[in-house]
Amino acid sequence: KFQLALACHHVAGVLSALASPPASVIHQEISLLQDAVRVTEQKLTILRDLQSGASGLAGVSVPNASDVLLGLRAGTSSPKDFLTTTGVVQLERPASFVRFLPLKNTRGSASTGKSSSSSLPPLPTGLFVSVDSGGQAVLYTPTGVRVKEFQLGHGTTQIATSVGQDEHLILGASTGGFVSCHVIRVRQGRLSQSERQARRNSTDERISQYLGVTPNVSVVADQSLELAAGTTELITDMAVTTQRGSKHFVVADSEGGISVYARNGTLRGRFFPERPSAPGGIRGLYATFGALVFWSSSAVGFVSAPGLSAPPLRCAEFSAAGGVASAGIDATSSNRLYVALNDGSVASYNAKDRDQCNFEMFLPQVGRRPLRLEPFRGYMLAIAEGKPVELHA
């Protein structure tokens with residue numbers, strides 16, 4: 001009925017146009033708009049009739065016709081369209097620290113250097129690390145499978161994970177005044193000889209032996225770092241960094257000192273980026289591939305582990321916004337430094353000259369509280385912790 005009415009209306013319009021003399025462009029546009037208005041009114045009438053007819057049905061909700069036509073309802077996309085749940089990690093005990101440990105991509109290569117079989121499932125891209133207040137560490141796959149549990153330390157106060165893929169390390173600082181280092185090794189999970197024999201003799205339905213196989217994770221206690229004098233009271237943060245081809249362990253403390261250890265656990269030295277040190281000392285460290293940044297309440301700087309130095313940057317924006325809350329390096333460019341300030345603002349600097357404040361951009365009042373920066377795939381995520389949690393990109 002509705003389509004027939006539209007067809008008749010269209011034919012009548014064509015016959016009318018053929019019988020009448022040519023009109024101006026403006027009159028033609030006005031006529032088209034009037035036709036569109038009439039068609040829209042007819043649609044509204046039909047939708048109202050449908051709504052009145054369905055209003056008596058229990059449990060049926062018909063949206064308003066004008067909302068449908070004008071698109072005033074909620075957007076066509078849902079947050080669920082962009083959310084993929086790969087697994088849920090069920091923690092057995094409350095966690096004091098959680099981190100992600102990136103793993104080396106072993107697709108196409110095995111530990112022997114030969115090409116691996118394409119039938120073997122790839123290893124996970126990382127492990128989820130949970131450490132409770134007693135120093136008990138538990139490792140999970142991204143799908144939530146518990147693969148390993150070990151004692152990281154007694155009374156763990158800080159932890160750190162390596163960011164490189166050549167070696168997988170977890171550092172744990174304990175109340176006893178030392179830092180323990182553990183090496184995490186991950187290999188393809190394989191069935192034992194007895195399990196393979198039982199599989200051959202089984203009469204049950206066959207399922208691929210590579211489905212549901214968890215990776216084989218082993219933990220080796222590697223080093224124990226003796227802290228430098230004066231750093232046993234409060235360790236504020238730790239990091240693992242590789243600079244100039246050498247791996248270093250970096251420990252920051254509340255007195256404003258930064259201690260650098262070689263890979264074998266030897267203390268290379270302790271230095272103070274600021275004189276006098278800012279209240280609270282070094283607040284945090286952020287490590288990425290080939291670069292390490294520290295921040296205090298009044299300064300930010302790049303740490304040179306081989307050179308035992310970290311020239312502080314005291315930019316004008318820091319004091320104007322009440323100090324520094326956190327800092328981070330762009331994931332796609334190590335020459336771009338982001339600094340979150342205590343008033344919720346974020347400043348960006350060109351860090352090519354790492355001892356100068358080459359200002360680039362200032363974003364005022366990104367959040368209502370001090371932000372924690374986390375770079376991710378070309379974005380800088382700014383997280384305001386508390387209630388409610390705020391997330392900005």
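Residues are numbered from 1 along each chain as its sequence is written, and side-chain values use heavy atoms, with hydrogens and water left out. In this predicted model, local features need pLDDT of at least 70 and side-chain atom pairs count only at pLDDT 80 or more, while totals for chains, interfaces and linings use all residues.

**The whole chain**

Begin by displaying the chain as a cartoon. Its secondary structure comes to five helices and 23 strands; these are DSSP runs, with helices (H or I) of at least four residues and strands (E) of at least two, numbered from the N terminus. Of the 393 residues in the chain, 36% are buried. Buried means under 20% relative accessible area, exposed means over 50%, and partly exposed lies in between (1.4 Å probe, protein chains only). Among contacts (heavy atoms within 4.5 Å) between residues at least 6 apart in sequence, 48% join residues at least 24 apart.

**The disulfide**

A disulfide is a covalent bond between the sulfur atoms of two cysteines; here the term is applied to a pair of cysteine sulfur atoms within 2.5 Å. A search of the whole structure finds one disulfide, and it joins Cys-315 to Cys-357 with an S to S distance of 1.9 Å. The pair links distant parts of the chain, 42 residues apart: Cys-315 lies in the loop between β16 (312–313) and α5 (316–320), and Cys-357 in the loop between β19 (346–350) and β20 (358–363). The link of Cys-315 and Cys-357 is left-handed, with -85° about the S-S bond. Cys-315 is buried at a relative accessible area of 6%, whereas Cys-357 is partly exposed at 33%.

**A sheet of four strands**

Now colour strands β17 to β20. In what order do the four strands form an open sheet? The order is β17-β18-β19-β20, and the pairing is antiparallel; two strands pair if DSSP finds at least two bridges between them. The edge strands are β17 (324–329) and β20, each of which pairs on one side only. Strand β18 (residues 336–341) is joined to β19 by five bridges.

**A buried serine**

Move to Ser-296, in the loop between β14 (291–295) and β15 (300–302). Is Ser-296 buried or exposed? Ser-296 is buried, with a relative accessible area of 0%. Show its side chain together with that of Glu-274: a polar contact of 2.7 Å joins the two. A polar contact is a pair of N or O atoms within 3.5 Å; within protein, one must be able to donate a hydrogen and the other to accept it, and residues adjacent in sequence count only if both atoms are side-chain atoms. Leaving aside neighbours within four places in sequence, the residues in contact with Ser-296 include Arg-283 and Val-324.

**Two residues with positive phi**

Most residues other than glycine have a negative phi. Select Arg-244, in the loop between β9 (235–243) and β10 (246–253); its phi is near 55°. Arg-244 is exposed, with a relative accessible area of 72%. Then select Leu-308, in the loop between β15 and β16, where phi is near 50°. Leu-308 counts as partly exposed at 28% relative accessibility.
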